[in-house]
Each structure stands twice: as structure tokens, then as C-alpha cells.
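Morning, everyone. I have one structure to walk you through. Here it is on the screen.

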Amino acid sequence: MVNIRTLDPSASPLDYYGSELRREREHAGMTQERLGTCIFCAASLIGQVETATKVPTRDFSERVDAALGTDGRFSRLVGLVLRSQLPTWFQPFAEMEAQATYISTFQAQVVYGLLQTKDYAEALVAAHSPDDLETLVAARLERQRILEREAPPVLWVVLDEAVLYREVGGKGVMRKQLAHLLNISARSWIYLQVLPFSVGAHPATLGSFTLLRAEEDPDLLYTESYDIGHMTANPQVIRERSVGYARLQATALSPEDSAALIARVMEERYGPDGRAVA
């Protein structure tokens, strides 16, 4: 048998996933080799997941469910596993973001995580955590699943114009990212505005922030620095930031004019095939 090690299922979501995978596989009378053949992967990968030395992907989990007939169990578990791989200081925000019914965010540096393409996210993560690239990108993309729910949160995003010009991952990656912004902002519950350079000083010159609203919880403000996130439900702070956000919305380009600017930058700066137009 490959990679046998005793796990404590209560140690972490990853350990629980691994122990459950082994239990269900053995209950089905399958070896690691046989399951690997069924889901088109190596037996060693099955062993690594079962011993919590490899983080499973959503695709892997869906194929396991199909092979073992586990009625979506691993597809549900993988969300918890991937969230647990996010930086510890970021996990509380990710949990509250997943429960929010209304998300308002201003982003001064990069595209908001819920709207990032895979290639854009990979380029960002590679710049600071190249050793954990695959896992962290998978965890970031997992957050975006809340936008595919039957009742997704309303999402209002204000991007500084600089975000459109900051070349993350190269011109081809940026073109696809801006095209994705145009496509996803066509959804009736996603609003995207650009704060133009011409505004000058504005209420969010201190940096990016996000406001979360949920049905049964108090409103929250989230900000972060290099390696720490901060959430507060202080009513006075929420009031001040909410007013500040309303001023940003009033000052930014309309969603229609913002889309026109994004399209223009996409064509003029990143070209029809990822090359700048001369």
C-alpha cells in the first residue's frame, strides 16, 4: 500500500478530507491504484491526499465523488479544505465574505479577488508566494464560487484607474482580465466603476477597503496591510466608511462610462492579441 499514515481527522479540514477519502475508498474495496485509474490520476496522488501532504482540487474531488458514489461529499468538503489554505489572517474575512449578501469594495492596487482570472491570480501570487502557487490560486478561485450561487451577493466594485494600467502577468493576461471584467459586469447584480486619475485626492487615498453586509450579522469593514487583516463592526467606523464609499461612487465614472474606459484601455494598451496598438 502506498503512503499509509495515521491521520487525526480533527486536526484540520485537510486531515479530515484525507481520512474520509481513505475510508470511502476502502469501503468501496478499491486500492489507491484502482481509484487512480478510475479518476485518471496516479496512485501516488491518491496517497498524498490521503496522508494530507497534497491539497485536493475541486476537479479531483468531483471525480472522486463520481467514482466512489459519495453524493457530492468531497465536492462539499474541498471548499473547506481550500479556504483553510488561505493565509490565517485572511480566513476570517473569507468566511464573512462567503456569508455576505452585499459586498462593496474599493481597490487601489489590483482587481478584487472575486473578479480575478486564473492567470491574473497566478501572476499576483507568484510575486509573493511562488512555493504555494497552485494551492493559493485554487483557494482564491474557490472564493469566486459565491458569485455562481442561485442567490449571489450584490457586488459593487470601484477600481482605481491605475489597476487597469498595472501590467500584471503581461499584456495577454491583462487583456483577458479586462475582458473578464467587461463580461462579468454585465450581470445585473454586479456593478463596476472606475475612479479616474482626474479625480485627484479622494476619500480612499489611504487604501483599499471592503464593506460586508449580511442578513443577520452587523455590517463589517475590512482593511489589510502587508501580512495582517483587520475587521471591525464599530458603528462609527462603518458609518464613516459607508459615507466615504458613497462619495467614491458619486465621484467615479458611471458603470457605462467605466465599461467604455476598460474597453478602450484593453484595446489601446493591450491590443487585440495582447500586444499594444502602435
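Let's start at one residue. Leaving out neighbours within four places in sequence, glycine 18 is in contact with Leu7, Val49 and Glu50. Contact here means heavy atoms within 4.5 Å. Glycine 18 sits in helix H1, residues 13–27. Buried or exposed? Glycine 18 counts as buried, at 0% relative accessibility. The cut-offs are these: buried is under 20% relative accessible area, exposed is over 50%, and partly exposed is in between, with a 1.4 Å probe and protein chains only. Now look at threonine 53. Along the chain, glycine 18 and threonine 53 are 35 residues apart, and their C-alpha atoms are separated by 9.0 Å.

A word on what you are looking at. This is a predicted model, with residues numbered from 1 along each chain as its sequence is written. Local features need pLDDT of at least 70, side-chain atom pairs count only at pLDDT 80 or more, totals for chains, interfaces and linings use all residues, and side-chain values use heavy atoms, with hydrogens and water left out.

Now the whole chain. How many helices and strands does the chain have? The secondary structure comes to 12 helices and 6 strands. Those are DSSP runs, numbered from the N terminus: helices are H or I with at least four residues, strands are E with at least two. The C-alpha atoms fill a box of roughly 65 × 50 × 35 Å, taken along the principal axes. The chain has 278 residues, and 45% of them count as buried. Take the contacts between residues at least 6 apart in sequence: 70% of those join residues at least 24 apart.

Next, the sheet. It is an open sheet of 6 strands, in the order S3-S2-S1-S4-S5-S6, with mixed pairing. Two strands pair if DSSP finds at least two bridges between them. Which strands are at the edges? Strand S3 (190–195) and strand S6 (229–232) are, and each pairs on one side only. Direction ignored, neighbouring strands are turned by 15° against each other on average. Helix H11, residues 235–251, packs on this sheet. H11 touches S1, S2, S3, strand S4 (209–213), strand S5 (220–224) and S6, and its direction makes about 110° with that of S4.

Stay with S3 for a moment. Strand S2, residues 154–160, runs parallel to S3, and 6 bridges join the two. Leucine 159 has valine 194 in S3 as its bridge partner. S3 is mostly covered, with 5 of its 6 residues buried.

Over to S1, residues 102–107, where serine 104 has its place. Serine 104 counts as buried because its relative accessibility is 8%. Not counting residues up to four places away in sequence, serine 104 touches Trp156, Phe209, Thr210, Leu211 and Tyr245.

Now two helix pairs. First up are helix H4 (residues 58–68) and helix H5 (residues 73–84). They pack at an angle of about 155°, with their axes 7 Å apart. Axes are lines fitted to C-alpha atoms, for helices over the stretch in contact, and angles run from 0 to 180 degrees between N-to-C directions. H4 and H5 are therefore roughly antiparallel to each other. The terms go like this: under 35 degrees is roughly parallel, over 145 roughly antiparallel, 65 to 115 roughly perpendicular, and the rest oblique. Which residues of H4 make the contact? Arg58, Ser61, Glu62, Val64, Asp65 and Leu68 do, against Arg73, Phe74, Ser75, Val78 and Gly79 of H5. These residues divide into 4 nonpolar, 3 polar and 4 charged. Ala, Val, Leu, Ile, Met, Phe, Trp, Tyr, Cys and Pro count as nonpolar, Asp, Glu, Lys and Arg as charged, and the others, Gly among them, as polar.

The other pair is helix H10 (residues 171–184) with helix H12 (residues 255–270). Their angle is about 160°, with the axes 10 Å apart. H10 and H12 are therefore roughly antiparallel too. The H10 side includes Lys171 and Met174, and the H12 side includes Ala259 and Ile262.

Last stop, the loops. Aspartate 71 is in the loop between H4 and H5. Its phi is near 55°, a positive value in a residue other than glycine. At 67% relative accessibility, aspartate 71 counts as exposed.
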